[in-house]
Amino acid sequence: MNNGKPGPPGEEPTVRPEVPEGDFELARPAGAPATTGNHEGDYELDRPRNAGNTPDARSTPTASGPETTVAPAPAVPAGRTGGSDAPAPPESGPAPSPGTPADAAGSQGNAEPADVPGVAAPGEPHGPGGGRTRPLHDPDPYSTPPYGEPGPWAPAPPVQHPAATPAHGMASVAPPAATAAALPIPAQAHPDATDAPPADPWGRYDPWAAAAAGTPLRQAGPAVADGKRRRGGARRVLLTGALMLALVSGGIGGIVGAYLERNGGVGTVELPQAGKEASGRDPGSVAGIAAQALPSVVTLHVSGAGKAGTGTGFVLDGRGHILTNNHVVEPAGDDGEITVTFHSGDTAEATVVGRDSGYDLAVVKVKGVRGLAPLPLGNSDNVRVGDPVVAIGAPFDLAGTVTSGIISARERPITAGGEKGDGSDVSYVDALQTDAPINPGNSGGPLLDAKARVIGINSAIRSADGGADLDGGRAGSIGLGFAIPINQGKRVAEELINTGSASHPVIGITLDMDYSGDGARVAAKGSDGGPPVSTGGPGAEAGIEAGDVITEVDGRRVHSGEELIVKTRAHRPGDRLELTLERDGKERTVSLVLGSSDGG
């Protein structure tokens, strides 16, 4: 194995006998019989010889008996000369021991090669029957490594000492020490020789030598990872690092976010806000209408006769007259108290000037108050369905509440009241219908058009439990509110202020309120037992008789007695009406002038 390679210091290169054609053969171990047959190019290392107990032999303890004496191996003849393939003649004298300097080995002389049984001498045949064994490789005429001598560019590698690998899960067990005595090897003198062999990578490897006692078996290390595995490992490292960075960043972000959420940020919070704007609004907008009307709207608190209520009113003139609903001031009676609260917060006591339950209107007056701003009055005949409207009142005693909507219908006949049972407290109103929210407490408040003019007086709502109520009970708005037209309210208010009472236009007939047919039928007898058509009244002069059914008023269809009353009271006394009636299956038209009666 060390053929032609430089040996350790003090030892000549190992040279094996040469066989013809330039191939070399390792020396066979002493005492081994010559192999017969074809070796197929395989060679054996020479086994150490037993030199016996010599003074230079080393003692190796064994595990089972006395120490075994092992002598140093004989020196190998010097290298070839003159570039020839023939080996140099061996020199006499013992070979230098490993680790001995070259000059020390030379001073002792060259040792004669020992005869090794079973090993052919140089130039002798090796095959069976005296034939030569054919080498595995052809001779190298250029003597290049590894077949020729090693050059300075190709130093021999260090000798490897393979170790057995134990089975998985098995403990490393040192092999048993050799019990047989090793072959003696002549010792070599050296002044610095010691019992411990030097660590020499160029030392001879002896596969037949017993393993040192107590030496554990070693497992061969893994092969060096190639470039692809290294790149894969680098990618895994980068991926792991990126994942850890993402986790750490997410955790830090979550902590910071939670802190900011709980503490409202890291600094003082300042929210954006619009700058100051002009307070003026378009006069036609809801805000503009409210700004003009609110100073003229008041809240009334009424108490007396064990009753109390809240309502709304508005200023009619500078003398302190305020218009409201009759059902608002009715709890006060003749000796109750009425307190008026203005938009400015000022309050004043008020007295009833006049009221009429048929129209559900009343006028009160405050004294000692100056600077009153009356609301301008509009014309309800100019109102059309869909016109925008604004309602102002004090629903549930919330003064100054402003709502808006549109006119949903005109000339909607409604009746309200009737708690007394005799019909004296029933009000008949040819009302304006609106979807502006009206609630209890809005009664008596103004319904304004787009120019902040009064076109109606809020009076009743249709509640969810059915029926129209002057104050809606205590129910809320469902978008069905009703207001007395201001044209009717103006006439009634003027009469109440001037005379203390209001007149009602009449036809002079008694109606059958139980009639379920279409139209208003004249009763068979009067309410007091007299004739159903008043003698000398407008109806008698027009030729109306008992049992006639009135179907139209001024060309508008009526379906009941209540509607006929509502249509009649929408006019003033002295107004002319045209009535269409049916008698004995025939239809006829009559004309009359409305009379007058005192209101209740």
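Author: Here are a few labels from this structure, each set against its definition. This is a predicted model, where local features need pLDDT of at least 70 and side-chain atom pairs count only at pLDDT 80 or more, while totals for chains, interfaces and linings use all residues. Residues are numbered from 1 along each chain as its sequence is written, and side-chain values use heavy atoms, with hydrogens and water left out.

Reader: What is Pro531 in contact with, leaving aside its neighbours within four places in sequence?

Author: Contact means heavy atoms within 4.5 Å. With those neighbours set aside, Pro531 touches Lys525 and Gly526 in this sense.

Reader: How do you know that strand 6 and strand 7 pair?

Author: Strands (E, at least two residues) are DSSP runs, numbered from the N terminus, and two of them pair if DSSP finds at least two bridges between them. Strand 6 (residues 337-341) and strand 7 (residues 347-356) have four bridges, in the antiparallel sense. Within this pairing, Ile338 stands opposite Ala350 in strand 7.

Reader: And how many bridges join strand 7 and strand 8?

Author: Six bridges, again antiparallel, with Arg355 opposite Ala362 in strand 8. These two strands form a hairpin with four residues between them, and Asp360 in the turn has a positive phi of about 60 degrees.
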